[in-house]
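Good morning, colleagues. Please have the display open as I speak.

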Amino acid sequence: MSTTSGIMTLSRFIVEQERIHPEATGEFSGLLSDMAIAAKIVARSVNKAGLIDVLGFTGDENIFGEKVKKLDVIANETIIHALDHGGHLCIMASEESNGLIPIPPYHKKGKYVLLFDPLDGSSNIDVNVSIGTIFSIFRRVSEGEDGTLEDCLQPGYKQVAAGYILYGSSTMFVYSTGNGVHGFTFDPSIGEFLLSHENMKIPERGNILSVNAGYINRWEDWMKRYFEYVTQEDPETNRPYSLRYIGSLVADFHRNLLYGGIFLYPPDRKNPKGKLRLLYEANPLAFLVEKAGGAATDGRQRILEKVPADLNERTPLIIGSKREVELVHEFIEGKR
Ligand code: AHM
Ligand code: MG
């Protein structure tokens, strides 16, 4: 006999979490709920992505004479418009927008700051491979009504919440407010995210390695030695690590979170600071991985301790199971 008593929707979960904090005003819950609505709208666009060609929208303009927007632009605009009028935010910034995104003057301002990458994994958008949205939430530090750059350039350990939406074989909403990392799977038949992965913990070790090994000749010496090491037969497991690289950070991160392993985007000869963005990619995932028991560094320090100098700052990223990150550091420090 089926029962619905055990079903926990994202909205109910958010409200129940709020009850744990008697001082909560509901503003934060409202912000997360708006994010969930944005996620559903973006998921709908992502699911229709392949139909653009079928419907003949191949040129710069669609049949209505409108410009066909790229999916990452659509996702960016969707998130901005789903969140700019809720009264919860004072400022936003996005990987897709230049500079700060102010809250329009006619909307109420709130005490939170939202930073996001609307559609991560852009090279996979047109080929039906998993992509995602990543978000990071801070409490404002500036005085005055409108948020400022200072509100956006806070170190990652000050995040009050972070999460991602993975548009994969199903759509998932994963987030943490510091109290566990929780995953919800979208059920399109009822239009709700349902709790499917409560309190996720990343295994302490894992032999999945996610890195773009095509850059091997640009890598620094420690990275080449590490790669050589993990591609040898491991006497314990009788096999080398498995290389798994989707090219969508969210999807690679999600798999490694569940199975254990490590993702690296190291510095290289061409990109001494790596490629990934501190504010929109590294910080939110570092927050999540630490809450799940893992680790994230730039090879020198914890990602969450880095003080950003500008919105588009890039950082090398080493993120995943705790022991795997420690192993990489042994190579960086020349111990191996
Ligand atoms: P994007 O924000 O333009 O999509 O770039 C970020 C993506 C990550 O999702 C992915 O891990 C990485 O870039 C892949 O880069 P590369 O092709 O250099 O391996
Ligand atoms: Mg990105």
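Which residues does E27 touch, not counting residues up to four places away in sequence? E27 touches G87, H88, G110, K111 and Y112, where contact means heavy atoms within 4.5 Å.

Before I continue, a word on conventions. This is a predicted model, in which local features need pLDDT of at least 70 and side-chain atom pairs count only at pLDDT 80 or more, while totals for chains, interfaces and linings use all residues. Residues are numbered from 1 along each chain as its sequence is written, chains are lettered from A and ligands numbered from 1 in the order in which they are written, and side-chain values use heavy atoms, with hydrogens and water left out.

To return to E27: the residue belongs to helix α2, residues 27-47. Helices here are DSSP runs of H or I with at least four residues, and strands are runs of E with at least two, numbered from the N terminus. E27 counts as buried, at 18% relative accessibility. The classes are buried under 20% relative accessible area, exposed over 50% and partly exposed in between, with a 1.4 Å probe and protein chains only. A polar atom of the E27 side chain lies 2.9 Å from the backbone nitrogen of K111. E27 and L89 are 62 residues apart in sequence, yet their C-alpha atoms are 9.2 Å apart in space.

Next, the metal. What coordinates the magnesium ion, ligand 2? The ion is coordinated by D117 (OD), D120 (OD) and E281 (OE), at 1.9 to 2.2 Å. Donors are N, O and S atoms within 2.8 Å of the metal (3.2 Å for Na, K and Ca), and sites may look incomplete because water is not among the atoms. Along the chain, the donors follow the spacing D-x2-D-x160-E. D117 is buried, with a relative accessible area of 2%, and D120 is buried as well, at 5%.

I turn now to the sheet. Eight strands form an open sheet of mixed pairing, in the order β2-β1-β3-β4-β5-β6-β7-β8; two strands pair if DSSP finds at least two bridges between them. The edges are β2 (100-102) and β8 (192-197), each with a single partner strand, so one side of each is left without a neighbour in the sheet. Strand β1, residues 89-94, runs antiparallel to β2 and is joined to it by three bridges. Within this pairing, M92 has I101 of β2 as its bridge partner. Helix α4 (residues 71-83) packs on the sheet, touching β1, β2, β3 (112-120) and β4 (131-139), and its direction makes about 160 degrees with that of β3. Axes are lines fitted to C-alpha atoms, for helices over the stretch in contact, and angles run from 0 to 180 degrees between N-to-C directions.

Finally, the charged pairs. The structure holds twelve salt bridges, each a side-chain nitrogen of Lys or Arg within 4 Å of a carboxyl oxygen of Asp or Glu. One of them joins R12 and E16 at 3.3 Å, N to O; both residues lie in helix α1 (residues 10-20), four residues apart, about one turn of the helix. E305 forms a salt bridge with R302, the closest N and O atoms being 2.8 Å apart. K109, E145 and D146 are linked in a network of salt bridges.

Technical notes
Polar contact = N/O pair within 3.5 Å; in protein donor to acceptor, adjacent residues only side chain to side chain.
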